[in-house]
Amino acid sequence: MEPKEIAEIIRDRYPAEVKEIKEFRGQVSVIVKKDRIKEIMKYLHDAPELYFDYIEDLCGVDYLGRKEPRFEVVYHLYSIRHRHIIRIKAEVPEDDCAIDSVTDIWAGANWHERECYDLFGIAFNGHPDLRRILLPEDWEGHPLRKDYPLKADLGEMEWKGYKEVLETAKRNKQYEA
Amino acid sequence: MMKEMTTAATELKTKELTISMGPQHPATHGVLRLVLDLDGETVIKCTPHVGYLHRGTEKLAENRTYISALPLMDRLDYISSMSNDVGYCVAVERLFGIEAPERAKYIRTIMSEMTRISSHIIGVATHALDIGAMTLFLYSFRDRELLLDLFEMTCGARLTVSYPRIGGVRNDVSQEFLDKLYDFTEGFPKIIEEQYETLIDQNRIWLQRTKGIGVISAEEAINWGLTGPTLRGSGVPYDVRKYAPYDAYDKVEFDVPVGKNGDVYDRYKCRMEELRQSNKIIRQCIEKLPAGPVMAPDAPKFTLPPKDKVLSDMESLIHQFVLITKGPIAAPEGEIYVATEVPKGELGFYIISDGSGRPYRLRLRAPSFVHVSVLPRLCEGAILPDVIANIGTIDIVLGECDR
């Protein structure tokens, strides 16, 4: 099925949820509200004519100062049976930074959601094991947010694991010839 | 005396044991750490910890121009850097709406398949080494060396190549390169059969350690998001090269090998068969290689001009300067997701452009990251030595997993 047709099917079924349908170079994004995201995803997974059995990708995007609400969670779904693809984008505001987890629909979403939580600070309700994944447990901040600096002198705010490494290096210096 | 011993045996207390495997462990293929809860030798719970190699590639790429973000892609899956670069270039080309010339597409296909061969033979060889077959490791590194020499001949680098460019490739390949590669493909199928497969296919230890181990059904494998040979071992013929062809893959003939049982052995078989198919693709590409330019000539606002022109022509110099320092000023606004088939599976690039010379967001969908996440599913309930077999069979590179 063409991605445009799929987008129309979603809009017909959930007219109140779909905010916008965008197309760029043949790829279609459906922008939806986050409240009933799980229901929409469940429908996309189960409906026999759509049958999106494979979640290609799940990631967050930060539109600080460009758009309201600030965050978007982007799902790329693919159907191996029907060979079609759709992109769903759920808007997540900064003050209520949480969205329903889709881990029990696609097991593969588990780590993608953890990564999104780690790097953007978006919480996933109902996730079985929501911990940081790429960064250490005691890390502060979420690096892929646009207000997180690429390079900065953090001084006292520096991650304590890094401070320990520096101190050990200083201590070991005395053993150098 | 006898009685004492039996009482001792009944009073023997067992308890669950938690061990940490890695991050420094020869069988974890990099800095992967698994926390294993064991009951005797049975794994009750397996918790992978990743992130030791996290370098913030996505954040770095957002702060670089499209062209200067390319070398970051080399360092994802560092044993198949050519495929990553090709994937990135295909994604950015589609975003910009430009097309690489035919010759460049064929060259990139050749390079991707050479990478697939070198990655698969390393994958299978280290996998075999972990579970007790050492000779294959030595043979495969001998053959990989030939391929790396060919990379070096073309672009000067063996591992971090940065050879493909947005809109083509950096320089044309020489006739000597093509001849040597063709010679390699002549003898390679025989090497696979006589030196790789005979060594382990009838090896009883290998068969016992791979058959019926780490079984995952087709539906479950799709649900977990597995891709590449790891998915195809379960019998799903999903291959991006067939499902959404890029470069010259729609112009060559090849089969997608699939397994049946979804165990470690079938996944190994898939990789071996893919070696033959890659060999076939390379031969077809060399035979069909069209003449012509290797950089898109009609997109000066997106692609780097040829070096001799930069030194003699004012306009080319300006284009080069702007492209390197500011990035393409005519980049369209929009977003695109492009998947490519790298040796490990599906590598996806999701790029959001805001019209500036730098990507607003660049997301990497790394196959190894997804494959590590399935480890608990494969290992729980199995015995400890099977954990090693399972790590080998998903064929991970932690540089790509942690990004």
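Me: What stands opposite B:Tyr350 in S8(B)?
Reply: In this predicted model, the residue opposite B:Tyr350 is B:Arg363 in S8(B).

Me: What makes S7(B) and S8(B) a pair of strands?
Reply: The criterion is at least two bridges between the strands. S7(B) and S8(B) share 6 bridges and run antiparallel, so they count as paired. The two strands form a hairpin with 4 residues between them, and B:Gly355 in the turn has a positive phi of about 90°.

Me: How do you know that S6(B) and S7(B) pair, and in which sense?
Reply: DSSP must find at least two bridges. S6(B) and S7(B) have 10 bridges, in the antiparallel sense, and therefore meet the criterion. One example is B:Glu335, whose bridge partner in S7(B) is B:Ile352. A hairpin through 2 residues joins S6(B) to S7(B).

Me: Why is S7(B) called mostly covered?
Reply: A residue is buried if 20 or more other C-beta atoms lie within 10 Å of its own. In S7(B), 9 of the 10 residues are buried. Across chain B, buried residues make up 51% of the 403 residues.

Me: Which element gives the most to the side of chain B that touches chain A?
Reply: The contact takes 31 residues from chain B and 27 residues from chain A. Among the elements of chain B that each supply at least two residues to it are strand S6 (333-342), strand S7 (345-354) and strand S8 (359-365). S6(B) gives the most, with 5 residues. By class, this side of chain B has 13 nonpolar, 10 polar and 8 charged residues.

Me: What makes S1 (18-24) and S3 (54-62) of chain A edge strands?
Reply: The open sheet of chain A has 5 strands in the order S1-S2-S5-S4-S3, with mixed pairing. Strands S1 and S3 of chain A each pair on one side only. The twist averages 20° from one strand to the next.

Me: How do you know that S1(A) pairs with S2(A)?
Reply: The two strands run antiparallel and are joined by 6 bridges, where at least two are needed. Within this pair, A:Phe24 stands opposite A:Gln27 in S2(A).

Definitions and conventions
Residues numbered from 1 in each chain as written. Chains lettered and ligands numbered in written order. Predicted model: local features only at pLDDT ≥ 70, side-chain atom pairs only at ≥ 80, totals over all residues. Buried ≥ 20, exposed ≤ 12 C-beta atoms within 10 Å, placed from the backbone. Contact = placed C-beta atoms within 7 Å. Nonpolar A, V, L, I, M, F, W, Y, C, P; charged D, E, K, R; others polar. Axes fitted to C-alpha atoms, helices over the stretch in contact; angles between N-to-C directions.
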